Amino acid sequence: MGRNAPCPCGSGRKYKKCCLSKIDLEPAELKRLYAKKYKIRLKEPADIKGIRSAGQLVVETLDMVEAEIRPGMTTDEINTLVHKFTLKNGAIPAPLNYRGFPKSVCVSVNEVICHGIPGERILKDGDIVNVDVTPILEGYYADANKTYFVGTPGPEAQKIVKVARESLKRSMSVIKPGNTIGDLGWAIQEYAEGQGCSVVREFVGHGVGFDFHEAPQVPHFGRRGEGVTLVPGMVFTIEPMINLGARHLTILEDNWTAVTKDGSLSAQFEQTILVTDQGFESLTPYDL
């Protein structure tokens, strides 16, 4: 929704002259407005504390996996590592049995864009592999992923991982109250396409915290100034999926695994983000 579009509250005024200006409302009023108009549940300090704790477990899990990844291991071995580590730390792996997903983590290798089901696929030297982790800790969800090199990467692997990482970094740099979801997508698209890569359109970031997937959706493409206005208390993921070739994809027969249609490499980085009064905080903080 653009700033000049009619406001969804039905006032007849332009959005920029109506609800867009309401980011200065009292927190309780803002919370009611966003719940009613967008189904976005703004988080209270106690909720943020819980999501932050779940996010710390995500980062620890990703670090643990990074130390173990090597040529010759199967993607199912990564699933076992994540599953056991999650339970050991008092949490539940959110992906397990989510809408029928059979494993505790998504593991996506090379041409797999996302939702790779761990199995017997063996990692080889030069592969790239994305590991996407979401635990439920004391009722709260946090979600993040990284793409890792397996052994020694070739130039194409180095490029796509660099572009995916920088895409996330650039989108995070524009997060602050008053900016819009469209600003985030624009930052990703402008950079990634400028590097000769493409942005997947079919999968997007999402609200998270009380549930695995909440409002709003966070596309990784878009126009500046469009979409929902960012306000303090919003918690969502940004998880750009960047392809070395064309953006088009195919879903495999398992109804989960998404692969690049042209077989090109795909990489992704994701963090769970809180919009604060002054900017943002990553609730799954790792270096980019």
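Buried means under 20% relative accessible area, exposed over 50%, and partly exposed in between, with a 1.4 Å probe and protein chains only. This is a predicted model, in which local features need pLDDT of at least 70, side-chain atom pairs count only at pLDDT 80 or more, and totals for chains, interfaces and linings use all residues. Residues are numbered from 1 along each chain as its sequence is written, and side-chain values use heavy atoms, without hydrogens or water.

**View A. Helix α1 covers residues 27-38.** Helices are DSSP runs of H or I with at least four residues, strands are runs of E with at least two, and both are numbered from the N terminus. The expected span is 1.5 Å times one less than the number of residues. For the twelve residues of α1 that gives 16 Å, and the end C-alpha atoms are 16 Å apart, in agreement. K39 follows the helix, with a positive phi near 60 degrees.

**View B. The buried face of α1.** L30, L33, Y34 and Y38 are buried. Seen down the axis, the buried residues of α1 fall within an arc of 95 degrees, so they line one face. The arc is taken from the directions between the helix axis and the C-beta atoms. Strand β10 (214-218) is among the elements that cover these residues.

**View C. Cysteines C106 and C197 are buried.** Relative accessibility is 11% for C106 and 6% for C197. A disulfide needs two cysteine sulfur atoms within 2.5 Å. The count is zero. The sulfur of C106 has its closest cysteine sulfur in C114, 7.5 Å away, too far for a bond. C197 is also in no disulfide: its nearest cysteine sulfur, that of C114, is 17 Å away.

Key
Contact means heavy atoms within 4.5 Å.
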